[in-house]
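Please open the structure in the viewer and keep the sequence beside it.

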Amino acid sequence: MDYRKLAGTYTLADLVEGFGEVTRKLQLLRDGVAVPKSDGRQVALFGMQSALLGFGLTVHAITGAGLNTRARTADEVRESFANYATVDGKTQDELLTLTESVWRHSLLTLFHFQLDALFQNLLRALGKEPERTGFGTNCAGLLSQVTLVNRNCAKDTLDAATFLRNSLHNNGIHRGGNWGPFTTHGLTYEFRKGFDVQCASFAHVLAILDSTVDVLKEILLSYEVRTLPTVEDRYAALNS
């Protein structure tokens, strides 16, 4: 999919397509990782997939796609939103924008939580104790342990996803150093210290998640990781 179509005006059907694209890519990776569902690798990938499916199914249901009668029109969706709640000073379109912002930020956060847990579990399986000081340290540690075709591109992809997520802790402001530009799927990511993030549209979020799946494929199919007999996920083990 050309995620750039989600950078400007787009339909909810376009959004469903974007969710589906990354979801299918994760399924292909899950199929290619020949380990049981209880293995930490599968647990994390399914967790990422679940976040995408959760939001995708929600948007799908709101639009009425797949109904035996007919799909809802954009005006009907707006009317439904307005009949549920009104916010002083907000139009129907602004209510929809508010909802989409919650989807966008929540998806990014839930996906990245699974990424963080996966990297910690992989480090333990490789005999390294993960740090508790943040994702960046564990990311660098894991990348140093595996054989990758383009380590710099992998790091840039993971850094961009991480900076996007971290900006949510700071109300959309980037607190780290200046970084970028980095381009993937025709979309550019650039962060400036102390400034609001300008690369957090749904186009940017889904594109960087798509590219992150590519990096995960390279990591999980690397010799060092694919030869691990098992990767434990402690939460999954406690709740099995």
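**Cysteines**

C153 is partly exposed, with a relative accessible area of 35%, whereas C139 is buried at 3%. Here buried means under 20% relative accessible area, exposed over 50%, and partly exposed in between, for a 1.4 Å probe and protein chains only.

This is a predicted model, in which local features need pLDDT of at least 70, side-chain atom pairs count only at pLDDT 80 or more, and totals for chains, interfaces and linings use all residues. Residues are numbered from 1 along each chain as its sequence is written, and side-chain values use heavy atoms, with hydrogens and water left out.

**A residue in helix 4**

Next, select N121, which is placed in helix 4 (residues 92–125); helices are DSSP runs of H or I with at least four residues, numbered from the N terminus. Is N121 buried or exposed? N121 is buried, with a relative accessible area of 6%. Leaving aside neighbours within four places in sequence, N121 is in contact with V231, E232 and D233, where contact means heavy atoms within 4.5 Å.

How values were computed: Helix = DSSP H or I, 4+ residues; strand = E, 2+ residues; numbered from the N terminus.
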